[in-house]
Amino acid sequence: MNDKRIENYREYFTKDYLMGPNCLRLLDEMRRKYPLAEGGRVMDLGCGTGLTSMFLAKEAKLRVFATDLWIAAAQNAERFISWGIEDQVIPIHADANALPYAEGYFDAIVSIDAYHYFGAKEGVFAEKILPFLKKGGVFMAAMPGVKEELTGEAADLLMEWVEGNKDDYDTFHCRKWWLDLMGKSKEYEVVMDLDLDCYEEAWNDWFVSGHEYGIKDKAFMDRGMKRYLSFIGLVIRRK
Ligand SMILES: C[S@@+](CC[C@H](N)C(=O)[O-])C[C@H]1O[C@@H](n2cnc3c(N)ncnc32)[C@H](O)[C@@H]1O
């Protein structure tokens, strides 16, 4: 499942850019399985340092609105200029709960390793995200999750990993849970759902990135989390 194109971005697989499992591997698998039409307008929701925004601009030939909460737009603007993509990628500082865009504006909304932070609640998708898609537009997300909802020792290990933070704990769900949350509507349909193949590689890139959280995460993987975790992919089309 290796794509050679990913190798062109290897210089960015470091703690200066990665904020978790390798977002480019996750995005590349998603868009190879569900190609996005070139030339459209995409919101990269929770873009972090903008790696996925660069990838969408360069590889998918999309115009990108690189939207993030924790990373300042000015920081991403500097990066986009240094990468020579400032005319294709617009940095926006915004909260997914109150997006500043025109309704029906986007051909696609992509959210890699971010949607679980704000989207794991009833109503968020239909009320706060979907309105910004054109009819026929697609929402594409990949989020860390679990193979099956955790119980017993596995649940205890996850709680220890997230240091007892119930909000963080509640972001980890299985594919069925996500489908039950988002699966049925007159407004949209789920057109693809999967557990991503690149899950281990994406985590491994993070472990060797040099980031202190990567080192901590690896310790929990080695203690058994690896058996339970997955990466959940969803593609939803607005009707
Ligand atoms: C683990 S980082 C991943 C960043 C990037 N997608 C990547 O994979 O490298 C999660 C991102 O979600 C963003 N995020 C969390 N809550 C958000 C919200 N309410 N609105 C917009 N972005 C949010 C954070 O700002 C952060 O950059």
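I started with a strand pair. Strand 2 (residues 63-68) and strand 3 (residues 89-93) run parallel and are joined by 5 bridges. I count two strands as paired if DSSP finds at least two bridges between them. Helices (H or I, at least four residues) and strands (E, at least two) are DSSP runs, numbered from the N terminus.

A note on the source. This is a predicted model, where local features need pLDDT of at least 70, side-chain atom pairs count only at pLDDT 80 or more, and totals for chains, interfaces and linings use all residues. Residues are numbered from 1 along each chain as its sequence is written.

Next, the link between these strands. Strand 2, helix 4 (residues 73-82) and strand 3 form a right-handed β-α-β unit. Right-handed here says that, with the strands pointing away from the viewer, the path from the first strand over the helix to the second runs clockwise. Helix 4 lies across strand 2 and strand 3, at about 165° to strand 3. Axes are lines fitted to C-alpha atoms, for helices over the stretch in contact, and angles run from 0 to 180 degrees between N-to-C directions.

I find an open sheet of 7 strands in the order 3-2-1-4-5-7-6, with mixed pairing. Strand 3 and strand 6 (188-195) are the edge strands, and each pairs on one side only. The twist averages 15° from one strand to the next. I also checked strand 4 (residues 106-112) against strand 5 (residues 133-146): they pair in the parallel sense over 6 bridges. S111 has A141 in strand 5 as its bridge partner.

Which helices cross? The axes of helix 2 (residues 23-33) and helix 3 come within 9 Å and cross at roughly 40°. I read the contact, with C-beta atoms placed from the backbone within 7 Å: C23, L24 and L27 of helix 2 meet L51, T52 and F55 of helix 3. Those contact residues divide into 5 nonpolar, 1 polar and no charged. Ala, Val, Leu, Ile, Met, Phe, Trp, Tyr, Cys and Pro count as nonpolar, Asp, Glu, Lys and Arg as charged, and the others, Gly among them, as polar.

Last, the ligand. I find 20 residues around it, the closest being C23, G46, G48, W70 and A114. A residue is included if its C-beta atom, placed from the backbone, lies within 6 Å. Helix 3 (51-59) and helix 5 (115-118) each supply at least two residues of this shell. The shell divides into 12 nonpolar, 5 polar and 3 charged residues.

Definitions and conventions:
Contact = placed C-beta atoms within 7 Å.
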